[in-house]
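This briefing goes through one protein model, topic by topic, for a reader who wants to follow each point in the coordinates. Please keep the sequence and the structure in view while reading.

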Amino acid sequence: MGPAELLVLTFPQETITIEAAAALAKLSTGGDIRVIDSLVVTRRPDGETTYGELADFEHLDGVVPGGGAELPLIGPEDAQEAAELLEPGSVALIVLIEHVWAQAAADALRAVSGRIASGVRIPPENIEEAVRAAEARRTAGK
């Protein structure tokens, strides 16, 4: 198995659109990732929080291959943590994915008794800011 990652994807509406689920499905069917488990967390406008599997949402049932239903690893505690990130009237998709594309690298590491000891997700905004700062330093030095 390749490296796995838990992501919380948030959306400003009260339900996940079929287009958003289809984007995740495209990654899955492309072979880049495998959805191990997923959970939809909704915070209603009155602040009440509910959660359920993708299959619980009629318009999303079957959109993401597997949808993670066969390995229920995301639970109520995860739903509560995700709910704390949500504004009233918004929704989150918690998704546990395997980075299938990294399988060969993980296998090679294990073959020589190595392992990935740590990993940090860096938001794209941080990279873009660092690039702008580096470019500003470079042009200021000319």
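Leaving aside residues up to four places away in sequence, Glu98 touches Met1, Gly2, Pro3, Ala4, Asp32, Ile33, Arg34, Ile36 and Gln103. The model is a predicted one, and the contacts, angles and accessibilities discussed here are computed from it. Glu98 is found in strand β4, and with a relative accessible area of 6% Glu98 is buried, because the cut-off for that class is under 20%.

**The sheet and the helix across it**

- Four strands form an open sheet in the order β1-β4-β2-β3, and their pairing is antiparallel.
- The edges of this sheet are β1 (4-11) and β3 (49-52), each of which pairs on one side only, and the twist from one strand to the next averages 20°.
- In general, the strands of a sheet pair through backbone hydrogen bonds, in either a parallel or an antiparallel manner.
- Strand β4, which covers residues 90-98, is joined to β1 by eight bridges, and the two strands run antiparallel.
- Within this part of the sheet, Val8 stands opposite Ile94 in β4.
- Helix α2, made of residues 76-83, lies across β1, β2 (34-43), β3 and β4, and runs at about 55° to β2.

**The loop between α3 and α4**

- Val120 has its place in the loop between α3 (103-111) and α4 (124-140), and Val120 counts as exposed because its relative accessibility of 68% lies over the 50% cut-off.
- Together with Ile122, Ile127 and Val131, Val120 makes a nonpolar surface patch of about 370 Å².
- Ser113 is likewise placed in the loop between α3 and α4, and at 74% relative accessibility Ser113 counts as exposed.
- Although Ser113 is not a glycine, it has a positive phi of about 65°.
- As background to that angle, most residues other than glycine have a negative phi.

**The segment after α4**

- Gly141 is located in the segment after α4, where its relative accessible area of 68% makes it exposed.
- Between Gly141 and Arg44 the separation is 97 residues in sequence and 52 Å in space, taken from C-alpha to C-alpha.

How values were computed:
Residues are numbered from 1 along each chain as its sequence is written. This is a predicted model: local features need pLDDT of at least 70, side-chain atom pairs count only at pLDDT 80 or more; totals for chains, interfaces and linings use all residues. Side-chain values use heavy atoms; hydrogens and water are left out. Patches are made of residues with over 30% relative accessible area and no salt bridge: like charges are joined within 9 Å, nonpolar side chains (Val, Leu, Ile, Met, Phe, Trp, Tyr) within 5 Å. Accessible areas come from the Shrake-Rupley method with a 1.4 Å probe; for residues, only the protein chains shown count as cover. A salt bridge is a side-chain nitrogen of Lys or Arg within 4 Å of a carboxyl oxygen of Asp or Glu. Buried means under 20% relative accessible area, exposed over 50%, partly exposed in between (1.4 Å probe, protein chains only). Two strands pair if DSSP finds at least two bridges between them. Axes are lines fitted to C-alpha atoms, for helices over the stretch in contact, and angles run from 0 to 180 degrees between N-to-C directions. Contact means heavy atoms within 4.5 Å.
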